[in-house]
Amino acid sequence: MTVPAPGPAMVITRMVQPDLDEIDVSTVLQAPADPMRLRIVRLLDQVEESTCTALDLPVKVSTVSHHVNVLRHSGVVSTRLTNGPV
């Protein structure tokens with residue numbers, strides 16, 4: 001499942017991403033060591049882009065969000081916020 005392309009009324013905000021030059025290799029390697037985070041990475045590899053609610057995972061959306069946040073802070077994934085038409 002992909003996120004629709006932004007239309008004229010859609011606002012996209014990139015979340016602050018860590019500077020990849022400042023991330024320790026061990027941080028990058030530890031992030032997908034958790035089975036759920038590894039599953040998220042594999043799902044995102046298949047669909048390229050998704051929302052936390054659209055990922056088919058057996059945990060609450062808040063848990064998915066937490067794992068995606070860990071992956072983002074480790075530089076494994078990037079996150080953007082999209083607001084649809086008002």
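Where does Thr79 lie? Let's find out in a few close-up views of this predicted model.

**View 1. Thr79 sits in a loop between a helix and a strand.** The loop that holds Thr79 runs between H3 and strand S2 (80–83). Is Thr79 buried or exposed? Its relative accessible area is 14%, and buried means under 20%, so Thr79 counts as buried. Look also for Val68: 11 residues separate it from Thr79 along the chain, and the C-alpha atoms of the two are 8.3 Å apart.

**View 2. Helix H2 covers residues 35–47.** How far apart are the end C-alpha atoms of H2? With 13 residues at 1.5 Å a residue, the helix should span 18 Å, and the distance between its end C-alpha atoms, 19 Å, agrees with that. At the start of the helix, find Asp34: one of its side-chain oxygens comes to within 2.8 Å of the backbone nitrogen of Met36.

**View 3. Helix H2 has buried residues and exposed ones.** Which residues of H2 are buried? They are Met36, Arg37, Ile40 and Leu44. Down the helix axis, these buried residues fall within an arc of 95°, so they line one face of H2. Now turn to the other side of H2, where you will find Pro35, Arg42, Asp45 and Gln46 exposed. Among the parts that cover the buried residues of H2 are helix H1 (25–30) and helix H3 (61–73).

**View 4. Glu48 follows helix H2.** This residue belongs to the loop between H2 and H3. Glu48 is not a glycine, yet its phi is positive, at about 70°. Is Glu48 buried or exposed? Its relative accessible area is 72%, and the cut-off for exposed is over 50%, so Glu48 is exposed.

**View 5. Ten residues make up the largest nonpolar core.** How many residues can you pick out here? The 10 members are Ala31, Met36, Ile40, Leu44, Leu55, Leu57, Val64, Val68, Leu71 and Val77. The elements that contribute two or more residues to this core are H2 and H3. In soluble globular proteins, nonpolar side chains tend to be buried together.

**View 6. Val77 is a member of that core.** Which residues does Val77 touch, leaving aside its neighbours within four places in sequence? Its contacts are Gln17, Leu44, Val68, Leu71 and Arg72. You have already met Leu44 as one of the buried residues of H2.

Notes: Residues are numbered from 1 along each chain as its sequence is written. This is a predicted model: local features need pLDDT of at least 70, side-chain atom pairs count only at pLDDT 80 or more; totals for chains, interfaces and linings use all residues. Side-chain values use heavy atoms; hydrogens and water are left out. Helices (H or I, at least four residues) and strands (E, at least two) are DSSP runs, numbered from the N terminus. The expected span of a helix is 1.5 Å times one less than its number of residues. Buried means under 20% relative accessible area, exposed over 50%, partly exposed in between (1.4 Å probe, protein chains only). The arc is that of the directions from the helix axis to the C-beta atoms. Contact means heavy atoms within 4.5 Å. A polar contact is a pair of N or O atoms within 3.5 Å; within protein, one must be able to donate a hydrogen and the other to accept it, and residues adjacent in sequence count only if both atoms are side-chain atoms. A nonpolar core is a set of buried Ala, Val, Leu, Ile, Met, Phe, Trp, Tyr and Cys residues joined through side-chain atoms within 4.5 Å.
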